[in-house]
Amino acid sequence: MKLFVTLVLVLCIYLSGSDSAGLMQKSVIFPTKTDTSFVRLNAADFSDLTAFTVCLRAASEENRNYTLFSYATTRSNNELLIWQKTNAQLDLYLGPVVGRFLLPKMDAWLRHICVSWESQKGEITVWVNGRRSLRKVGGLGGVVRNGGQFFLGQEQDSVGGTFDSKQSFVGETTDVNMW
């Protein structure tokens with residue numbers, strides 16, 4: 001079964017015939033809770049970030065904590081982590097800094113989620129289906145270090161691995177972008 005799930009994920013991503021085409025207009029379905037299903041995103045080299053926006057569309061009927069987007073470095077397993085909690089709370093981890101947002105509960109309808117952060121003012125903002133949350137402050141003067149690994153479907157407890165099925169995403173993710 002594990003081989004089948006991994007094969008399905010690979011086929012979903014490479015259906016277009018190009019591994020450099022990205023995930024735009026492609027869906028990844030994580031059908032079950034597991035520590036072996038994931039998508040590793042191969043990003044171009046970048047310098048340390050003092051601002052970013054991550055956008056994706058996702059749907060899940062799970063009523064537990066899980067990860068939507070994970071970036072880990074040797075400095076921090078949660079260098080940049082977008083974490084959905086059971087109580088409809090979305091957390092943004094920037095290393096030890098956490099921005100918490102109470103949002104509508106995730107469900108079976110695909111929703112567009114964007115999370116933005118900028119270091120100079122420490123401003124964190126979340127958008128869900130085009131509606132902006134209140135702005136919060138966190139990570140003032142911080143940076144997101146380069147040299148890490150990006151994953152969908154799993155939260156990294158070490159760079160590139162050590163996954164826990166209890167933290168895995170079950171559902172559909174599509175249109176993943178980061179600026």
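**Briefing: contacts, rings and a disulfide**

Leaving aside neighbours within four places in sequence, Ser133 is in contact (heavy atoms within 4.5 Å) with Phe101, Thr125 and Val126. This is a predicted model, in which local features need pLDDT of at least 70 and side-chain atom pairs count only at pLDDT 80 or more, while totals for chains, interfaces and linings use all residues. Residues are numbered from 1 along each chain as its sequence is written, and side-chain values use heavy atoms, with hydrogens and water left out.

**Confidence and overall make-up**

- The chain averages a pLDDT (the predictor's confidence in each residue, from 0 to 100) of 85, and 87% of the residues score at least 70.
- Over residues 3–20 the pLDDT stays under 50, and for this stretch the model has 18 contacts beyond four places in sequence.
- The chain has one helix and 13 strands, these elements being DSSP runs numbered from the N terminus (helices H or I, at least four residues; strands E, at least two).
- Of the 179 residues in the chain, 45% are buried, where buried means under 20% relative accessible area, exposed over 50% and partly exposed in between (1.4 Å probe, protein chains only).
- Among the contacts in the chain with a separation of 6 or more, 60% come from residues 24 or more positions apart.

- Ser133 lies in the loop between strand E10 (131–132) and strand E11 (136–137), and Ser133 counts as buried because its relative accessible area is 10%.
- Phe101, one of the residues in contact with Ser133, has the charged end of Lys136 over its ring, 4.9 Å from the ring centre; a charge sits over a ring if NZ of Lys or CZ of Arg is within 6 Å of the ring centre and within 35 degrees of the ring normal.

**Disulfide**

- A search of the whole structure finds one disulfide (a pair of cysteine sulfur atoms within 2.5 Å), which is formed by Cys55 and Cys114 with their sulfur atoms 2.0 Å apart.
- Cys55 lies in strand E3 and Cys114 in strand E8 (residues 111–118), so the pair ties together parts that are 59 residues apart in sequence.
- The disulfide of Cys55 and Cys114 is right-handed, because the torsion about its S-S bond is about 115 degrees, and both cysteines are buried.

**Thr53**

- Thr53 has its place in strand E3 and is partly exposed, at 21% relative accessibility.
- Not counting residues up to four places away in sequence, Thr53 touches Cys114, Val115, Ser116, Asn177, Met178 and Trp179; from Thr53 to Cys114, 61 residues away in sequence, the C-alpha to C-alpha distance is 6.6 Å.
- The side chains of Thr53 and Ser116 make a polar contact (2.7 Å), meaning a pair of N or O atoms within 3.5 Å, of which, within protein, one must be able to donate a hydrogen and the other to accept it, with residues adjacent in sequence counting only if both atoms are side-chain atoms.

**Aromatic rings**

- The whole structure holds 10 aromatic pairs, in which rings of Phe, Tyr and Trp (its six-membered ring) have centres within 6.5 Å, and planes under 30 degrees apart count as stacked, over 60 as edge-to-face and the rest as tilted.
- Phe46 and Tyr71 form a tilted pair, because their ring centres are 6.0 Å apart and their planes stand at 50 degrees.
- This pair links distant parts of the chain, 25 residues apart, with Phe46 in the loop between strand E2 (39–41) and strand E3 (51–59) and Tyr71 in strand E4 (residues 66–72).
- Phe46 is partly exposed, with a relative accessible area of 23%, whereas Tyr71 is buried at 0%.
- Phe46, Phe69, Tyr71 and Phe150 are linked into a cluster by ring pairs.
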